Amino acid sequence: MALIPATILTGFLGSGKTTLLKRILTEAHGQKIAVIENEFGEENIDSDILVTESKEQIVQMSNGCVCCTIREDLREALQLLAAKKRQGLLDFDRVVIETTGLADPGPVAQTFFMDDEIAESYLLDSILTLVDAKHAPQQLNDRQEARRQVGFADQIFISKSELVSAEETDALIHRLKHMNPRAPQQKVHFGDVPLKDIFDLRGFNLNAKLDIDPDFLKEDDHDHHDHDHAHGEACDHPSHKHEGHGHHHHTDDDVKSFVYKADRAFDPAKLEDFLGAIVNIYGPRMLRYKGVLNMKGTERKVIFQGVHQLMGSDLGPEWGKDEARQSRMVFIGIELPREILEQGLEQCLV
Ligand SMILES: Nc1nc2c(ncn2[C@@H]2O[C@H](COP(=O)(O)OP(=O)(O)OP(=O)(O)O)[C@@H](O)[C@H]2O)c(=O)[nH]1
């Protein structure tokens with residue numbers, strides 16, 4: 001049986017997850033989607049769109065979607081859904097999991113790798129993170145869960161942008177990009193986003209795409225550690241450095257990212273040893289990392305990625321004839337040992 005694609009929907013409290021899901025469950029889009037929610041009250045799902053009574057753990061929607069409430073754990077809910085699909089009792093093409101606003105999406109993502117039975121039935125497509133334009137600036141300052149949710153994202157949706165000024169939205173976009181440069185950002189109004197922008201993103205899958213804005217890389221060359229304020233934004237934070245770029249920086253966000261680039265090839269054995277040791281020590285703080293590598297001994301790109309301690313790599317397409325064989329890696333995490341990583345990676349080059 002083909003693997004069932006799974007999407008994890010995360011975002012801080014009130015960021016608009018349920019609003020987005022409700023559209024998925026009610027609109028006539030012709031797709032059969034199973035949604036796993038932590039709980040859904042009557043206020044979430046209108047009773048007239050339910051085909052069966054909401055006392056059940058799994059209910060069918062009038063548009064063919066399925067909603068499954070998790071009372072036990074996620075693993076059991078996923079197994080139950082896969083079993084019902086196999087037996088022909090339920091028909092759906094993909095799964096969306098809504099995490100609670102206070103959850104760290106890491107363990108949810110890891111369920112798909114750690115558990116063999118789950119890995120045999122499902123393929124983790126991507127982690128989508130909703131960010132509330134009105135409240136995120138404060139939430140990101142105050143709450144580590146909110147910052148982690150941004151760090152894990154393969155795609156970021158910004159809700160409620162109509163409630164703030166264009167400048168405020170731009171400042172937020174800028175901040176998010178520094179926390180997670182590899183996730184594209186898109187504004188969404190009351191969950192109105194085409195399904196093609198939600199599904200089959202394959203953000204988690206091994207592929208040769210490393211979505212980093214080239215401008216971010218340029219900027220990163222002279223701004224290694226901090227993110228910028230919007231120009232003219234008043235700030236008197238003591239950790240600011242004034243570097244004469246016409247703007248200043250601060251270090252409030254503990255979720256940070258950096259990009260490592262190298263023009264010489266990596267020695268595969270050295271790199272494996274080094275990364276293995278690094279994730280052993282720093283894994284809990286490493287939210288996401290991903291890279292397209294130039295490896296000695298192969299004409300093909302090597303794609304690697306990981307979440308916390310779990311890491312994998314795969315062969316991608318061949319390097320193009322005129323393409324510079326430059327390795328690029330992005331690391332996203334909390335207080336990452338940037339210098340140790342950079343120096344160690346340097347030692348792994350041939
Ligand atoms: N103005 C505005 N309000 C929105 C938008 N999207 C969602 N909302 C509102 O924000 C509130 C919270 O939305 P929910 O979808 O319940 O958010 P949630 O992320 O599921 O919240 P939790 O379940 O508490 O984590 C609701 O009143 C929504 O109507 C938007 O784009 N603009």
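Tutor: Start with a term: buried means under 20% relative accessible area, and exposed means over 50%. Keep in mind that this is a predicted model.

Student: Is Cys67 buried or exposed?

Tutor: The cut-off for buried is under 20% relative accessible area. Cys67 has 0%, so Cys67 is buried.

Student: How many disulfides are there in the whole structure?

Tutor: A disulfide needs two cysteine sulfur atoms within 2.5 Å. For Cys67, the closest cysteine sulfur is in Cys68, at 7.4 Å, so that pair is too far for a bond. A search of the whole structure gives a count of 0.

Student: Which residues have the most contacts inside the largest nonpolar core?

Tutor: In general, nonpolar side chains tend to be buried together in soluble globular proteins. Here the largest nonpolar core has 49 residues. Helix α2 (residues 74-86) gives the largest share of this core, 5 residues. The residues with the most contacts inside the core are Ile36, Leu81 and Tyr122.

Student: How many residues are in the other core, apart from that one?

Tutor: Phe258, Ala262, Leu271 and Met295 are among its members. The size of this other core is 23 residues.

Student: What separates the C-alpha atoms of Asn38 and Glu117?

Tutor: Along the chain, Asn38 and Glu117 are 79 residues apart.

Definitions and conventions: Residues are numbered from 1 along each chain as its sequence is written. This is a predicted model: local features need pLDDT of at least 70, side-chain atom pairs count only at pLDDT 80 or more; totals for chains, interfaces and linings use all residues. Side-chain values use heavy atoms; hydrogens and water are left out. A nonpolar core is a set of buried Ala, Val, Leu, Ile, Met, Phe, Trp, Tyr and Cys residues joined through side-chain atoms within 4.5 Å. Buried means under 20% relative accessible area, exposed over 50%, partly exposed in between (1.4 Å probe, protein chains only). Helices (H or I, at least four residues) and strands (E, at least two) are DSSP runs, numbered from the N terminus.
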